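Here is a friendly tour of one model, meant to be read with the viewer open. Please have a look at the sequence and structure first.

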Amino acid sequence: MNAAPQIAEALARLPAYLGGHVAVSVTALLLGLAVSLPLAFASMRRPALRSVLLGAASVVQTIPSLALLALFYPLLLGIAALTERSFGAGFSALGFLPSVLALTLYSMLPVLRNTIAGLNGIDPAVSEAALGVGMTRRQSLVMVELPLALPIIMAGIRTAAIWVIGAATLSTPIGQTSLGNYIFTGLQTQNWVFVLFGCAAAAMFALLVDQLLALMENGLARRKRAWVAGGGLGIALLTLAALAPGLSQPRAAYVIGTKPFTEQYVLAALIGQRLGDGGLSTTTREGLGSAVIFDALRAGEIDVYVDYTGTIWTNQMRRNDTKPRAEMLAGMKEWLNREHGIVLAGGLGFENAYALAMRSGRAERLGIRTLADLARHAATLSIAGDYEFFGRPEWQLIRQAYGLAFREQRTMQPEFMYAAVAGGEADVIAGYTSDGRIAQHRLVVLDDPKHVIPPYDAVLLVSPKRAGDQALLAALAPLADAISITAMREANLRASGGGASVTEAARWLSNEIQKKSVAR
Amino acid sequence: MSPAPAAISFDDVSKRYGENAAPVLDRVSLDVREREFLAVVGPSGSGKTTLLRLINRLIEPSTGLVRVNGEDVQGADAASLRRRIGYVFQGVGLFPHMTVAENIAITPRLLGWDQARMAARVDELLALVRLDREKHRLRFPAQLSGGEGQRVGLARALAAKPAIMLMDEPFGALDPLTRGALGEDYRALHGELGLTTVMITHDMLEALLLADRIAVIRDGRIVAQGTPQQLMNGAQDGYVRELMAAPRRQAERLRALDTK
């Protein structure tokens with residue numbers, strides 16, 4: 001496989017991703033220092049405050065960083081709704097703010113712990129001498145205690161910097177563009193060049209910042225002002241350089257959201273190309289979860305994304321019945337507009353349903369053709385699904401309707417699911433009907449005779465803010481009913497580990513659409 | 001000749017840590033006259049260091065009054081009070097990240113002296129405590145011997161030309177030769193500079209050799225005070241007599257050795 005086009009594409013995205021990464025990690029680190037250092041100084045002679053601080057910071061550290069980042073989103077969403085109601089001005093609960101706050105908390109433990117340890121480790125005779133020669137408490141802190149504790153404090157700051165820069169890759173799922181976009185996109189599309197590129201870029205940035213901090217530390221210890229200034233200037237320049245492309249570029253007019261899987265990346269790229277052709281500038285918020293992305297659209301933090309009717313039907317409308325396709329779509333369009341002011345701008349023409357699938361040979365041997373057949377064998381079989389599936393209402397419905405009880409239930413990346421079922425590690429997977437790999441791996445989709453699984457027609461949703469935006473709606477109009485299931489499968493397959501990039505797959509899909517419209 | 005006015009006076013001073021704790025100092029009254037060299041002798045835990053720290057407000061009294069030059073120290077700004085009083089610490093307490101010159105010039109720096117005046121003062125003090133200017137000026141405390149460190153500590157305490165010097169076991173950790181030499185050097189400085197000195201020691205012999213007057217403290221109370229001669233000849237307290245016995249025996253033994 002030739003990696004050159006993937007590397008070229010990765011490089012093309014570097015300014016945006018690195019800029020986002022630097023902005024969020026540097027802000028979080030500065031904020032963390034601004035909070036942690038004064039708190040540590042204040043706790044110098046207050047042991048009670050000290051134990052509370054260290055305890056709280058340690059608890060924060062035990063929360064997995066991904067969860068910490070994710071928790072800030074609903075919290076801020078609530079606060080934003082509150083300020084909107086009370087002051088008439090809300091703020092974006094997605095992306096930058098929750099990432100910065102979570103990473104700030106995350107940076108606090110090493111800084112607090114090292115600063116406190118450093119200050120406590122000072123020989124009491126020296127602290128006393130500082131007072132004895134006539135220093136005030138503040139002079140003693142600045143002239144004696146801080147310089148003596150500096151190497152330990154700086155070690156804490158360096159640890160915090162590395163942690164924050166590393167953890168910032170996880171801010172991608174809550175909508176903050178970062179070097180994590182390479183990693184998340186790469187994992188979804190089996191683009192290992194992207195994954196490696198993201199890891200290497202984050203590691204290099206972390207190492208560079210660490211070395212510049214080390215230079216400052218040495219300069220402070222050996223009293224070389226030039227070293228301190230050089231280190232500080234280096235970090236400032238690095239930050240500016242990373243932020244400059246983002247600052248000089250005009251702000252994109254439209255934000256396209258994506259959920260974390262290949263099809264969504266391809267469709268976002270397609271919409272981006274379509275709007276770009278219409279002279280509208282766009283940016284993407286990649287890898288958002290189903291609930292996050294809907295809230296983000298409602299709040300106007302993203303302008304457009306593709307969702308699936310079944311998902312809205314069960315997750316948002318909380319329905320557990322199934323209606324005929326046309327009736328469901330009409331009801332949903334009306335509900336979305338009435339409840340949230342969201343515009344359902346039309347279906348794309350294909351369905352991406354959840355479907356339980358097995359290797360066809362194995363299904364034949366066991367005589368399984370439907371979910372009802374599957375229920376008889378489930379106790380001896382294992383099932384694999386994506387991160388969302390087993391928590392979704394559809395799964396509860398399917399399980400109850402057919403009485404499915406599997407021997408084992410595993411959660412994994414969608415990309416690994418197909419390999420797992422093909423390799424026999426899982427017997428059944430909860431796959432997607434628009435996924436090209438169902439055919440590629442010779443899987444058979446099991447029938448749903450009770451019609452428990454609702455239709456999952458792909459639909460374009462537009463935020464309330466853009467409801468009257470004719471330029472946007474006009475640019476999206478040609479996509480209505482334009483994508484066949486076979487074209488979508490082919491595009492997904494191309495974008496996913498097939499060697500072609502997401503952008504290329506979207507371009508191919510765009511050509512297909514054009515061919516089709518010409519043929520019409 | 002009328003007695004010199006009191007440079008430092010304790011008036012019924014007690015210090016206790018906590019409401020019901022036993023007092024560390026118990027109703028102490030004591031005057032130190034100007035230009036006097038007072039040694040405070042007592043066992044560890046007797047309250048000697050507490051007594052010393054009350055003078056420059058490193059510790060606040062629970063009851064009673066401490067006056068410096070007639071002024072209640074409670075009414076003075078602690079930092080500026082300390083800048084007027086030299087303090088030599090038991091553990092020396094030199095700032096490890098500062099050179100010898102910077103350590104010595106610290107109080108002048110806090111007082112806002114200009115660079116030239118500070119540099120001249122550092123040279124003057126290095127000569128005064130008999131350290132080599134070129135050799136020691138730019139060294140860090142970790143590069144000094146014990147005796148050199150003590151001399152720097154002494155120079156630091158003297159830097160801002162204080163009239164009062166407080167010394168907490170200043171020569172405690174030194175070998176006997178260095179200790180004797182440094183003690184005599186300081187006694188000479190005390191006279192030359194017209195200082196008032198309060199020195200804490202647990203070594204009665206040192207007190208006898210250096211001080212004008214000695215106060216013996218035990219369990220937070222002053223059990224005896226007087227000139228070395230008065231204590232040598234007329235001590236009533238059993239503990240004080242015990243304290244005096246050791247140097248006396250040493251002196252007799254030495255004399256006996258000398259005549260043989």
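The notes below cover a loop residue, a chain contact and a helix.

## About the model

This is a predicted model, in which local features need pLDDT of at least 70, side-chain atom pairs count only at pLDDT 80 or more, and totals for chains, interfaces and linings use all residues. Residues are numbered from 1 along each chain as its sequence is written, while chains are lettered from A and ligands numbered from 1 in the order in which they are written.

## S463 of chain A

Let's start in the loop between β10 (457-462) and α19 (470-476) of chain A, where S463(A) sits. Helices (H or I, at least four residues) and strands (E, at least two) are DSSP runs, numbered from the N terminus. S463(A) counts as buried because it has 25 C-beta neighbours inside 10 Å; the cut-off for buried is 20 or more other C-beta atoms within 10 Å, with C-beta atoms placed from the backbone.

Leaving aside residues up to four places away in sequence, S463(A) touches L297(A), G300(A), I302(A), D303(A) and I342(A). Contact here means C-beta atoms, placed from the backbone, within 7 Å.

## Where the chains meet

Chain A gives 14 residues to the contact and chain B gives 16 residues. On the chain B side, α2 (78-84) and α4 (106-110) each supply at least two residues.

## Helix α11 of chain B

In chain B, α11 (residues 238-259) has 22 residues. Its buried residues include V240(B), L243(B) and M244(B). The buried residues of α11(B) pack against β3 (37-41), α9 (204-210), β9 (213-218), β10 (221-226) and α10 (228-234) of chain B.

How values were computed: A residue is buried if 20 or more other C-beta atoms lie within 10 Å of its own, exposed if 12 or fewer, and partly exposed in between; C-beta atoms are placed from the backbone. Two residues are in contact if their C-beta atoms, placed from the backbone, lie within 7 Å. The expected span of a helix is 1.5 Å times one less than its number of residues.
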